[in-house]
Protein chains: 2
Amino acid sequence: QHRYYGKSIPFGSREEAFKNASTLGYFNSAQAIADYAEIIMHIKNKLRAFYSPVIVVGGSYGGMLASWLRLKYPHVALGALASSAPILYFDKITPSGAYFSVVTKDFREASETCYQTIRNSWSVIDRIASQPNGLSTLSMIFKTCKPLKSSSELKNELENMYAVVAQYDRPPRYPVTVVCGGIDGANEKQDILDKIFAGVVAYKGNRSCYINPPTNKSETDVGWRWQTCSEMVIPIGIGKRTMFQPEPFNLNNFLQECKSLYGVPPRPHWVTSYYGGHNIELVLHRFGSNIIFSNGLRDPYSRGG
Amino acid sequence: QHRYYGKSIPFGSREEAFKNASTLGYFNSAQAIADYAEIIMHIKNKLRAFYSPVIVVGGSYGGMLASWLRLKYPHVALGALASSAPILYFDKITPSGAYFSVVTKDFREASETCYQTIRNSWSVIDRIASQPNGLSTLSMIFKTCKPLKSSSELKNELENMYAVVAQYDRPPRYPVTVVCGGIDGANEKQDILDKIFAGVVAYKGNRSCYINPPTNKSETDVGWRWQTCSEMVIPIGIGKRTMFQPEPFNLNNFLQECKSLYGVPPRPHWVTSYYGGHNIELVLHRFGSNIIFSNGLRDPYSRGG
């Protein structure tokens with residue numbers, strides 16, 4: 001539970017709470033941590049358990065919150081288990097290309113041919129897209145839910161899919177293996193894009209259409225977009241030597257986009273100002289204690305945690 | 001320097017900044033500490049002194065800020081010297097009578113007869129005030145700047161004077177000794193209130209009038225009133241066995257008064273929620289480090305630091 005996510009909606013309704021930056025202003029990690037601290041203290045009071053040690057636990061963003069809660073409220077939490085918590089993926093501490101280079105590594109480790117196929121697919125998409133009726137050809141190959149307006153629509157969706165399957169490459173299904181199974185399992189003679197599409201189908205199952213399906217944005221998507229556009233600016237770009245086309249993170253473009261979405265510019269240095277991050281080993285060694293940072297090395301966020 | 005004090009006035013002008021709770025909302029210790037953290041990081045960047053250790057230093061409220069900055073921004077400050085910093089004078093950690101019992105101790109140590117005279121003076125003031133024309137008699141004895149409207153006007157001003165001289169009992173003047181010199185130096189046969197008045201004169205020097213002088217509230221007074229009425233609720237009352245009449249701290253009355261002043265009620269538990277304070281030794285032992293708390297034992301705030 002976290003204010004603005006789940007059931008903790010201020011200002012009466014989700015619609016009201018997400019109206020603009022002035023109601024969204026209370027939606028940030030510092031206030032969420034303060035909530036947790038108050039709740040823990042309240043419970044301790046209620047149970048008369050003043051001396052019972054409290055260990056906070058979380059994964060991903062929740063893991064960041066756990067470590068930050070321990071750092072900011074040492075009187076509340078005695079320790080933290082911060083799992084897959086990329087607290088260093090801010091403000092140029094972690095190279096912006098780290099995420100997608102782990103995604104690439106994951107695919108390459110799963111299957112060299114799969115990796116090669118994906119790596120070669122982008123220029124094929126570009127080539128077809130540049131032909132007359134190329135976009136409708138691509139729309140047909142990938143059974144899109146509505147006609148593609150640009151090749152980057154398709155490429156972004158594929159990129160995101162590969163990123164998601166790498167980030168959530170969990171047993172028992174191991175989505176990376178599933179996608180690569182589709183790609184590698186396709187007929188040798190098939191066109192490269194048919195192979196890519198076979199990977200999509202292997203992952204998503206039988207559907208009437210695949211790319212750009214009509215979706216309602218989940219509250220997590222909507223909330224996280226605000227958080228990354230205000231304080232949690234995680235600079236993820238695509239560097240060289242991955243299975244993707246390079247796409248460097250451009251801070252100025254990012255700031256502009258967020259500004260036009262919410263009317264206020266993000267504060268890309270706030271996380272490291274408020275919670276630290278630079279020379280973190282030194283700080284933790286001298287000050288913080290009892291924080292376990294656990295990471296799976298196949299998690300693309302592990303480079304920042 | 002601290003936002004809203006000195007030259008750091010937001011919202012264009014002091015008048016605008018102090019208009020109401022919504023502009024005063026940015027006037028609090030947490031934001032002041034964040035300012036300091038940003039300034040220190042900026043200077044470190046500018047001087048390329050990333051690894052230079054920073055020790056923060058402050059006295060009184062500034063001492064609280066120093067210790068809290070060290071606790072909340074361990075990546076910014078390596079240590080703190082918190083001088084006369086009553087970080088425990090919150091939320092029932094320190095008994096509310098502690099301040100005035102130290103004031104009493106200070107006077108008693110300076111002079112037993114002085115202490116006795118002050119101790120006996122309050123009932124004399126009450127007795128005279130209850131007589132016909134009693135208030136004008138008191139106004140004459142104490143050369144008030146305007147006629148007294150109540151005996152508590154006089155008593156409050158005397159109480160405050162004793163508190164201030166004890167709190168700032170600095171060399172070379174030692175104001176407690178000065179006041180007691182006046183009281184004890186008065187003619188043996190003089191009335192007790194003449195002695196008290198002699199103490200006032202000894203401290204304040206030759207003036208045309210003494211009690212309730214026309215004053216402009218200083219910016220510190222105005223600012224501190226807001227801070228104590230929002231987050232910094234320091235529960236100071238007067239307990240039994242002091243040289244004063246008992247005047248227990250009444251939280252409800254205090255909350256009411258602040259509410260009527262600013263339209264918002266204070267948050268008396270916020271300091272201990274945000275910065276801690278309960279079981280502070282345990283917390284500092286396990287987590288915080290490099291904080292020196294220095295106190296003069298004649299400082300009435302020392303009981304909370």
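Me: Which residues of α5(A) meet α9(A)?
Reply: The model here is predicted. In it, D106(A), F107(A) and A110(A) of α5(A) meet V176(A), V179(A) and C180(A) of α9(A). By class, this contact has five nonpolar residues, one charged and no polar.

Me: At what angle do the axes of α5 and α9 of chain A cross?
Reply: Next comes the geometry. The axes of α5 (residues 98-110) and α9 (residues 175-185) of chain A come within 10 Å and cross at roughly 60 degrees. The crossing of α5(A) past α9(A) is right-handed.

Me: How are α6(A) and α7(A) placed relative to each other?
Reply: The axes of α6(A) and α7 (residues 134-141) of chain A come within 7 Å and cross at roughly 130 degrees. The two helices are therefore oblique to each other. I125(A), I128(A) and A129(A) of α6(A) meet G134(A), L135(A), T137(A) and L138(A) of α7(A). That contact divides into five nonpolar, two polar and no charged residues.

Me: Which residues have the most contacts inside the largest nonpolar core?
Reply: In soluble globular proteins, nonpolar side chains tend to be buried together. Here the largest nonpolar core has 166 residues, and those with the most contacts inside it are W68, F107 and Y162 of chain A and W68(B), F107(B) and Y162(B). Helix α6 (residues 112-129) of chain B gives the most to this core, with eight residues. As for W68(A), its contacts beyond four places in sequence are S29(A), I33(A), Y73(A), I87(A), F90(A), M232(A), V271(A) and Y275(A).

Me: Is L148(B) buried or exposed?
Reply: A loop position has to be checked by its accessibility. L148(B) lies in the loop between α7 (134-141) and α8 (151-167) of chain B. Its relative accessibility is 6%, and the limit for buried is under 20%, so L148(B) counts as buried. Leaving aside neighbours within four places in sequence, L148(B) is in contact with L135(B), L138(B), S139(B), E153(B), L154(B), I211(B) and N212(B). The C-alpha atoms of L148(B) and G134(B), 14 residues apart along the chain, are 9.8 Å from each other.

Definitions and conventions:
Residues are numbered from 1 along each chain as its sequence is written. Chains are lettered from A and ligands numbered from 1 in the order in which they are written. This is a predicted model: local features need pLDDT of at least 70, side-chain atom pairs count only at pLDDT 80 or more; totals for chains, interfaces and linings use all residues. Side-chain values use heavy atoms; hydrogens and water are left out. Helices (H or I, at least four residues) and strands (E, at least two) are DSSP runs, numbered from the N terminus. Buried means under 20% relative accessible area, exposed over 50%, partly exposed in between (1.4 Å probe, protein chains only). Contact means heavy atoms within 4.5 Å. Axes are lines fitted to C-alpha atoms, for helices over the stretch in contact, and angles run from 0 to 180 degrees between N-to-C directions. A crossing is left-handed if the near helix is turned anticlockwise from the far one by less than a right angle, and right-handed if clockwise. Ala, Val, Leu, Ile, Met, Phe, Trp, Tyr, Cys and Pro count as nonpolar, Asp, Glu, Lys and Arg as charged, and the others, Gly among them, as polar. A nonpolar core is a set of buried Ala, Val, Leu, Ile, Met, Phe, Trp, Tyr and Cys residues joined through side-chain atoms within 4.5 Å. Angles under 35 degrees count as roughly parallel, over 145 as roughly antiparallel, 65 to 115 as roughly perpendicular and the rest as oblique.
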